[in-house]
Amino acid sequence: MLAERWSPRHFDATAPLDEAALQNALEAARWASSAYNSQPWRVVVARRGTAQHAAIVSTLSGFNQTRAGSAAALIVFLTEPSNADSKVQPTASYDTGQAVAYFTIQAQSHGLFSHQMSGFDPDAAAAALEIDSRFTPTTVMAAGTPGDPAEIPEGLRERETAPRARRAAADSVLVNA
Ligand SMILES: Cc1cc2nc3c(=O)[nH]c(=O)nc-3n(C[C@H](O)[C@H](O)[C@H](O)COP(=O)(O)O)c2cc1C
């Protein structure tokens, strides 16, 4: 399943959101580990057709906006760098990433594809969504059904369908004593 996951750049603009898959993915994220079990993250879920979805689209950078705006849902993952008692949570971004990873894998297991994006304006997103300043928008995830590759302009289509590549596992191991 991990090998089959990939991040579509193009989503089906008409396919409905699999609500059960979304709820299961949120449930999976909830069970991610975090430092001191602080769970220093939150989400904004915006379904296509809502004002919030349109607002998030408007904060995406050009390329992301044209490609991801059709996704059935846009989900903003927010980090909480300091908690409600102003206690700094130094691993907040790391913990948020773990929750997102759990989300993506659970979603994928239901056929709900996702594509994370850091190419967006976090201040504009926080303002548009009226988010408490304690939370920092970190990534926007497009989630839904991949679009028909035939609808993707030539050139971009190759990138969309190219095999995924990674460095070898051994090359990530700096010390292997
Ligand atoms: C934190 C983060 C930020 C990303 N930002 C963008 C983005 O702004 N635009 C984009 O097209 N892809 C973005 N991506 C997607 C990555 O480019 C993609 O995950 C990577 O190329 C590996 O491809 P795969 O997910 O299909 O395996 C982002 C991924 C992550 C995890």
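Helices (H or I, at least four residues) and strands (E, at least two) are DSSP runs, numbered from the N terminus. With that in hand, select E130, which sits in the loop between α5 and β4.

Before going on, some ground rules. What you have open is a predicted model, where local features need pLDDT of at least 70 and side-chain atom pairs count only at pLDDT 80 or more, while totals for chains, interfaces and linings use all residues. Residues are numbered from 1 along each chain as its sequence is written, and side-chain values use heavy atoms, with hydrogens and water left out.

**Stop 1**

The phi angle of E130 is near 55°, a positive value in a residue other than glycine. Most residues other than glycine have a negative phi.

Now jump to N37, in the loop between α1 and β1 (41-47). N37 also has phi near 55°, positive without being a glycine. Is N37 buried or exposed? Its relative accessible area is 52%, so N37 is exposed.

**Stop 1: the ligand**

- R166: an N or O atom of its side chain is 2.8 Å from an oxygen atom of the ligand.
- S118: a polar backbone atom is 2.9 Å from a nitrogen atom of the ligand.
- R5: an N or O atom of its side chain is 3.1 Å from an oxygen atom of the ligand.

On its own the ligand exposes 620 Å², and the protein buries 62% of that (areas come from the Shrake-Rupley method with a 1.4 Å probe; for residues, only the protein chains shown count as cover).

**Stop 2: salt bridges**

Side chains of opposite charge can pair when their charged atoms come close. Counting a salt bridge as a side-chain nitrogen of Lys or Arg within 4 Å of a carboxyl oxygen of Asp or Glu, the model has 4 salt bridges. Let's visit some of them.

Select R9 and E160, whose side chains meet in a salt bridge at 3.4 Å, N to O. R9 lies in the segment before α1 (19-30) and E160 in helix α6 (residues 156-161), so this pair ties together parts that are 151 residues apart in sequence. E160 is buried at 9% relative accessible area, while R9 is partly exposed at 23%.

Move on to E80 and R134, where the closest N and O atoms of the salt bridge are 2.8 Å apart. This pair links distant parts of the chain, 54 residues apart: E80 is in the loop between β2 (73-79) and α4 (92-109), and R134 in the loop between α5 (122-128) and β4 (136-144). E80 is buried, at 3%, whereas R134 is partly exposed, at 25%.

R30 is partly exposed at 43%, and so is E27 at 36%.

**Stop 4**

Select T59 in helix α2 (residues 51-59). T59 is buried, at 8% relative accessibility. Its side chain reaches the backbone oxygen of I56 at 2.7 Å. Leaving out residues up to four places away in sequence, T59 touches F120, D121, A124 and A125 (contact means heavy atoms within 4.5 Å).

Finish at P90, in the loop between β2 and α4. P90 is exposed, at 75% relative accessibility. Draw a distance from P90 to L26: the two are 64 residues apart in sequence and 23 Å apart in space, C-alpha to C-alpha.

Conventions:
Buried means under 20% relative accessible area, exposed over 50%, partly exposed in between (1.4 Å probe, protein chains only). A polar contact is a pair of N or O atoms within 3.5 Å; within protein, one must be able to donate a hydrogen and the other to accept it, and residues adjacent in sequence count only if both atoms are side-chain atoms.
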